[in-house]
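Try each one before reading its solution.

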Amino acid sequence: MHTPKISVIMPVYNAEPFLKESIESILNQTYTDFELLILNDKSTDNSLEVIKQCQQKDSRIIIIDKKINVGPANLRNEGMQIAKGDFIALMDADDIALPNRFEKQVEVLKNNPEIGVCGTWFTFFGSKQNKVIRHGEDHDHIKISFLHSCGIGNPTVMLKKEALNNLEFNNDYVPVEDYDLWSRLLPKTKFHNIQESLLNYRQHNNNISKTKIDNVNKSIKRVKANQMTEFGINPADPKIDFYINALSVKRGLVTDEVIEVINASKFLLSQNEKLKNFDYPQLEEHINRTLIRTIRNASNYNISYYNHLRKNENKLFQKINGLDKIVLLFKSIINLKK
């Protein structure tokens with residue numbers, strides 16, 4: 001039996017309105033050597049019927065129909081376990097892949113043995129105006145970008161199956177399980193983003209509850225804390241918030257907290273000099289940008305804080321633009337008069 005080069009994994013749950021268009025965008029790829037694993041997560045609409053109709057027209061579709069709902073992270077893990085292809089492509093049930101997506105990603109992965117994960121830019125459409133999301137191209141840039149947010153679009157990913165190193169999505173991190181997995185995989189293989197939008201990502205008018213937002217933020221913080229091991233820092237370190245905030249802007253910090261974040265940034269840079277896990281100039285530039293934005297968005301100002309920055313953090317202070325320095329001084333003086 002022929003073994004396909006690519007295994008495409010598409011989890012489905014109640015995606016009937018958009019499912020046929022999404023499936024057809026895969027079937028119409030210019031690169032045709034693939035199997036399409038569609039995992040139906042006990043949908044309660046007519047998604048399964050839509051999938052079966054498509055399968056009748058194209059034998060590359062393989063249906064896995066779940067009897068209980070297990071969630072997208074577990075579905076993708078199951079798909080990766082049974083995938084026959086050397087390459088695994090991820091796809092969501094309501095997005096649209098451009099026809100040459102697979103062709104371009106296979107070319108990157110075949111011609112660059114060191115690259116194990118390849119994403120692309122993507123375009124938001126639907127409830128929002130079309131907007132292209134542009135992620136960095138090379139591995140060093142992507143790795144640093146992950147310190148503050150997920151630097152690769154999950155439904156754009158194609159990866160070498162062997163590069164997974166037995167890693168898988170962790171359901172405890174849903175809905176940011178992709179951020180968690182790619183963060184853990186970054187030290188093990190090279191990442192690359194094709195600098196072209198090759199997927200249309202559908203936006204929906206969904207009202208997200210405050211509870212869900214809080215859960216998302218907690219999971220994101222856990223991912224960021226775990227990444228601190230790349231600096232030799234235990235995720236349970238009592239100063240973990242300061243380390244995280246040195247790499248990802250936190251608005252509304254009081255002046256004492258801002259100074260702690262600046263001190264944490266110095267430790268991160270010194271650790272990276274020893275461990276060399278990140279490109280030093282890019283990391284330093286990223287940290288400086290983060291610190292300047294953190295200073296600009298502090299919740300309070302005073303003249304001693306201003307003087308501390310000017311005298312004790314002169315190298316950083318000189319990187320703040322002239323207007324921001326004037327605003328910072330003005331707010332510090334105003335606070336002195338209160």
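**Exercise 1. Describe how H1 and H2 pack, including the handedness of their crossing.**

Solution. Start with the handedness: in this predicted model, H1 and H2 cross in a right-handed sense. Next, look at the axes of H1 (residues 16-27) and H2 (residues 47-57), which come within 9 Å and cross at roughly 20°. Angles under 35 degrees count as roughly parallel, and H1 and H2 are therefore roughly parallel to each other. Finally, find the residues that meet: H1 contributes Glu 16, Leu 19, Lys 20 and Ile 23, while H2 contributes Ser 47, Val 50, Ile 51 and Cys 54. An α-helix has 3.6 residues a turn, so residues three or four places apart point the same way.

**Exercise 2. Work out the span of H10, then find its N-terminal cap and its buried residues.**

Solution. Helix H10 runs over residues 280-296, 17 residues in all. From first C-alpha to last it reaches 24 Å, close to the 24 Å expected at 1.5 Å a residue. At the N-terminal end, Asp 279 provides the cap, with a side-chain oxygen 3.1 Å from the backbone nitrogen of Gln 282. The buried residues of H10 include Leu 283, Ile 287, Leu 291 and Ile 295, along with the polar Asn 288, Thr 290 and Thr 294.

**Exercise 3. Summarise the protein as a whole, from its helices and strands to its burial.**

Solution. Count first: there are 13 helices and nine strands. The C-alpha trace spans about 75 × 40 × 35 Å along its principal axes. Of the 338 residues, 50% count as buried. Lastly, among contacts between residues at least 6 apart in sequence, 77% join residues at least 24 apart.

Terms used. Residues numbered from 1 in each chain as written. Predicted model: local features only at pLDDT ≥ 70, side-chain atom pairs only at ≥ 80, totals over all residues. Heavy atoms only, no water. Helix = DSSP H or I, 4+ residues; strand = E, 2+ residues; numbered from the N terminus. Expected span 1.5 Å × (residues − 1). Buried < 20%, exposed > 50% of the residue type's maximum accessible area, 1.4 Å probe, protein only. Polar contact = N/O pair within 3.5 Å; in protein donor to acceptor, adjacent residues only side chain to side chain. Axes fitted to C-alpha atoms, helices over the stretch in contact; angles between N-to-C directions. Parallel < 35°, antiparallel > 145°, perpendicular 65-115°, else oblique. Left-handed = near helix turned anticlockwise from the far one by under 90°. Contact = heavy atoms within 4.5 Å.
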